[in-house]
Each structure stands twice: as C-alpha cells, then as structure tokens.
Amino acid sequence: MSTNNSDPFSFFCPTKLVFGPGTTKGAGDIVAGMGIKSVLLVSGSGATRRSPGFAVLMAALDRAGVAYTIFDKVTPDPVAELVAEAAEAIRAGGLEAVVAYGGGSPIDCGKSAALAAANGVGILEFLYKRAAPNEPALPIIAVPTTAGTGSEMSSAAVTTDRANDRKLGYSIESFFPRAAIVDPENHLSMPPRVTAATGMDALTHAVESYLSLAANHVSDAVNLKCVSLIGAALPKAYADGGDLEARSAMAIAGATAGAAFSQTGLGMVHGFAHPVGARFGVAHGDANATILPYVMAALARTAAPRMRDLAAALGACRPDAPAEAGAAAFVEAIVELKSKLGIAESLSDAGIRPEDAKELLPDALGYRMRARSPRAMTDDELGRLLDAAIAGDLKAAAL
Ligand SMILES: [Fe+2]
C-alpha cells in the first residue's frame, strides 16, 4: 500500500457515471448520444426481466431510436457457453454495442460477449491466456439492479468455466463501461438476501482495495467513503428494501468501489470466494462475506493501521485508536454486521466440509491477485487460513 506522497500511481476510469432516481429514462439518449444505433440488450430471465425498470429501459431505447435485440437468458455465474451464445447474437445481428441490465451476471456476460464478438474468439481463450484480444470490446452500457459487483464501473468480468469448475476473472480497459446508469429505483425490489450478499460483495471490494499493496490516495478516498456509506446503509436497505436513501448510498458505493478496485486489484477474500462459488454454488457475495473476517484476522498483524482506518470508517473505533485495537474492532464489526444480515458464520455453515479444503485450495493459491495482499502468505499459511474459515475459528485464522 502506498505510504509516501511521492509514490507513483495512475488512476483510470473512463466510465461516465450517471446517478440518480429515474435516470433509466435517459438511457436511450445516452446510448444514442454515443452514435450507437443497435445493441444487444442483456438481462436475466427472471424477476429482473419482468421488472418495471426493464420496461422503462426498453421504452427509453425506443424513444431514442436505438434498435435492440433482447438476450434474456443470463443465469447466475454465467458460463462460457452462454457468453458464446450472446457473442453470436451480436455478430449475427451486426449489433454495435451491449446494454446490460441486471446484477453482476448479466453485466459480466455482456462484457465478455462484447469482447468475444469483437475478436471472433471464445472468451476462454483469453481467460486461459491462449490468445490476446486484437480488438477492444464493443461499447458497453451498464444499468445495474444490484449494489455489489461494481462491474458497472470496473474493468473486470468473471466467467465460469464449467468443464473445470473454475470462476475466472479477466480485466481489460475496454471492459470499463462507456456509461454506468445507476438508478437506485431499479434496486428497490431486490430481495433482502440478495441485498445482503451483494452489499457485502461491495464492502469486500472496498476493503480489499483499501488494503491492497497497490492502493493509492485516490482509491483510498473512494474506498473509505464506500465503507462508511455501506456500514450505515446496508442494514437499513436489508431491513427495508423500499428505503430509497439507503438504496442510493449502496448504489453509489457499489459502483464506485468497482472503479477503485480496477486500479488496485483485490485480495485473498476473493481468492477463496471464487473456488467456493464455482465448486459449491455459494453466491459470490455470501462467499465473500463468510470468508471476510477470517482473512482480516490473518492480515491484522501486517495491516493493522489501515484496518484501524476501516474500523473508523464503520464507526467501530476512533480514528486515532491504537492500530492493533482498531484492527481487532474491525474484525469484530464485520462479524457483527454479518450476523445482522443473516450470513453464514463459517464456511461449514455454508455447506463446505473440512475435507473439501484440498479441492478448493489449489485454485485459491493460483488467484491472479494474490500478490496484492498486504501480507505475503505461504501456501501452508493460506491452507491453514482456509481450514480456519471452514471451522469458524477466528483465533486460528490469526495464525
Ligand atoms: Fe466481488
């Protein structure tokens, strides 16, 4: 993590963030204003597709004269085959761009399809580094309905490789959406369980980005604000989904944390959450939330001053509290928040057995952002940390 003002860094986020209740109505003009005349409109098939926001979005595109082909087949944790189908729809229709409406899954599927279509190459070729894109992804416009993934303002997209039970992230500058239309009214119907899981994903992004070795002053400012917004708003949005103020705070935090982690990378909470999600079907946000305090306990020795900052942002300690006490207060605050939100305390509560660790660990050890962790943990240490997260043993996680 950056400690000197003279440390070099860059901060790049070309996404135009358009925030506010009702902004979906302006989506068509925003797309048309980019000179785009035809799009693949990507969404899930369920409640999101039938939501009033989707109808508002279609009407907005109609009004602006933007033609769209609907691709409403996206399932959670989109697999490479689905991405290929969406890419084929783009190519077959000669479409110019992607408008993605929904949570992280439709937005990530839309991004991956936009890259695959532009290059005529399957997404797995890029994920496994068997090929590098020659062309940028087609333009992407994201209209999120959850506050968590940050995909609406990030350079990353995750695809599931079902043949190998792996979730693989890919980052490229052209994955930054041209516009993120963040309309909290689209979040009002999100059920409490989804609110909790996606909200904890957003919190995990801000926390891991703040603790990353690549953190800088700009990402720090964004992340501390996100942590304080989420700490205050997530319990409210969970308790009362119709609370527009709380939904708005979550929507801003979820989106902007995506911009921050695109600069800094994430850490081992995500490193463990990906295999837990890919192999055991645990929702991404739930997996992150369950694992978060254990990884934090492991980092407390190395990253105590910055964990104290995070605790202060949550209101769990004073900004000038001793670092060690602040770090402990942060772990405690996360445990408390999780229990308020009804999230599994340990991975065994989420259905993972101790003997599953050997299946999960190799994938976590190969996590592409492992080197960003403020504490360089050995393979053995990460193995013990995973065992502790399964057992629900915070003391053992402190290593
Ligand atoms: Fe995430």
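Predicted model: local features only at pLDDT ≥ 70, side-chain atom pairs only at ≥ 80, totals over all residues.
Residues are numbered from 1 along each chain as its sequence is written.

**Exercise 1.** Describe the side of domain 1 that touches domain 2.

*Solution.* Begin with the bounds, which come from an automatic or database domain assignment: domain 1 covers 16–187 and domain 2 covers 192–397. Next, count the contacts (C-beta atoms, placed from the backbone, within 7 Å), which link 26 residues of domain 1 with 28 residues of domain 2. Then turn to the strands (DSSP runs of E, at least two residues, numbered from the N terminus): E1 (16–19), E6 (156–161), E7 (166–171) and E8 (179–182) each supply at least two residues to this side of domain 1, and E7 gives the most, with three residues.

**Exercise 2.** Determine how strand E4 (residues 97–102) is placed in the structure.

*Solution.* First apply the burial criterion (buried if 20 or more other C-beta atoms lie within 10 Å of the residue's own, with C-beta atoms placed from the backbone). Six of the six residues of E4 are buried, so the strand is largely enclosed by the rest of the structure. Second, inspect the faces: Ala97, Val99 and Tyr101 are buried on one side, and Val98, Ala100 and Gly102 on the other. Third, examine the pairing (at least two DSSP bridges between two strands): E4 runs parallel to E2 (residues 38–44), joined by four bridges, and parallel to E5 (residues 140–144), joined by five. Leucine 40 stands opposite valine 98, and valine 99 opposite isoleucine 141.

Terms used:
Contact = placed C-beta atoms within 7 Å. Buried ≥ 20, exposed ≤ 12 C-beta atoms within 10 Å, placed from the backbone.
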